Amino acid sequence: MLPEKNDYSQQIEYLYRKSLILETPSDMDQVLYFYLIDTIAHLDYTLSSLAYSSDSIKCTMTAEYLRNRVDVTKTGDYALFPAFMIWLRDDHKEQFEETPILWQLIYDPEEVSGYLGFRIVLDPNSKIPLPPQFFHDMADDLFRLKFLRSIYPEGTLGKLFAEFKRK
């Protein structure tokens, strides 16, 4: 049985109202699109564990989905993404700052943020759950039109990722 609705379940509903209907995901750079969906799945998992429980079937399904994606991140061009983010940070600061905040936090080795058991953790020493507004802001950040347009091969990040792969 799911608990009463709370601030986190409202944020899940907010996230689920987001859409890529005006975009063509199949035309996006496949690696950048993969990491976009991966980040959304981690956001969903973290929200679900706060809104329901980590034992809910929703969390179990998302965890299984994410578990399979872990192997993909170790193959081909997908394995280049963390290094690409560091390269952006060091050599293309302006474009790095245009990436989603979660990408900046998760893939910067100087940050303490990361995925812990598929949950987004900004401070591993904190026991306080992330505030509901954080999820609202991250959903908006991931679905910014300028960012979404940048992950097509002809977009800013798409071109930079192609340049990074050639190096």
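This is a predicted model: local features need pLDDT of at least 70, side-chain atom pairs count only at pLDDT 80 or more; totals for chains, interfaces and linings use all residues.

Residues are numbered from 1 along each chain as its sequence is written, and side-chain values use heavy atoms, with hydrogens and water left out.

**Stop 1: the largest pocket**

Select Arg119, Val121, Ser126, Ile128 and Pro129: of the 15 residues lining the largest pocket, these sit closest to its centre. The space there comes to about 260 Å³. A pocket here is an open set of points on a 1 Å grid over the protein atoms alone, where a 1.4 Å probe fits and protein lies on both sides within 12 Å along at least five of seven lines; lining residues have an atom within 4 Å of a point. The volume is the space filled by probe spheres set on the points, which are joined across faces, edges and corners.

Now colour helix 2 (30–51) and strand 2 (119–121), each of which gives the lining at least two residues. Helices (H or I, at least four residues) and strands (E, at least two) are DSSP runs, numbered from the N terminus. The lining splits into nine nonpolar, three polar and three charged residues. In this scheme Ala, Val, Leu, Ile, Met, Phe, Trp, Tyr, Cys and Pro are nonpolar, Asp, Glu, Lys and Arg are charged, and the others, Gly among them, are polar.

**Stop 2: the second largest pocket**

The second largest pocket holds about 210 Å³. Pick Asp38, His42, Thr73, Tyr107 and Tyr115, the closest to its centre among 14 lining residues. Helix 2, helix 3 (57–72) and strand 1 (114–116) are the elements giving two or more residues to this lining.

Stay on His42, in helix 2. Is His42 buried or exposed? At 4% relative accessible area, His42 is buried (under 20%; exposed is over 50% and partly exposed in between, with a 1.4 Å probe and protein chains only). Leaving aside neighbours within four places in sequence, His42 is in contact (heavy atoms within 4.5 Å) with Leu66, Tyr115, Phe118 and Ile120.

Hop to one of those partners, Phe118, in the loop between strand 1 and strand 2. Phe118 is buried too, at 16%. Check its backbone: phi is near 75 degrees, a positive value in a residue other than glycine. Most residues other than glycine have a negative phi.

**Stop 3: Phe81 and helix 4**

Phe81 lies in helix 4 and is buried at 0% relative accessibility. Beyond residues up to four places away in sequence, Phe81 touches Val31, Leu32, Tyr35, Trp103 and Tyr107. Phe81 and Tyr107 are 26 residues apart in sequence, yet 8.5 Å apart C-alpha to C-alpha.

Next, show helix 4 (residues 81–91) with helix 9 (residues 156–166): their axes come within 11 Å and cross at roughly 105 degrees. Axes are lines fitted to C-alpha atoms, for helices over the stretch in contact, with angles from 0 to 180 degrees between N-to-C directions. The two helices are therefore roughly perpendicular (65 to 115 degrees). Ala83, Phe84, Trp87 and Leu88 of helix 4 meet Leu157, Leu160, Phe161, Glu163 and Phe164 of helix 9. That contact has eight nonpolar, no polar and one charged residues.

**Last stop: Met61**

Finish at Met61 in helix 3, exposed at 54% relative accessibility. Draw a distance to Asp91, 30 residues apart along the chain: the C-alpha atoms are separated by 38 Å.

Terms used: Angles under 35 degrees count as roughly parallel, over 145 as roughly antiparallel, 65 to 115 as roughly perpendicular and the rest as oblique.
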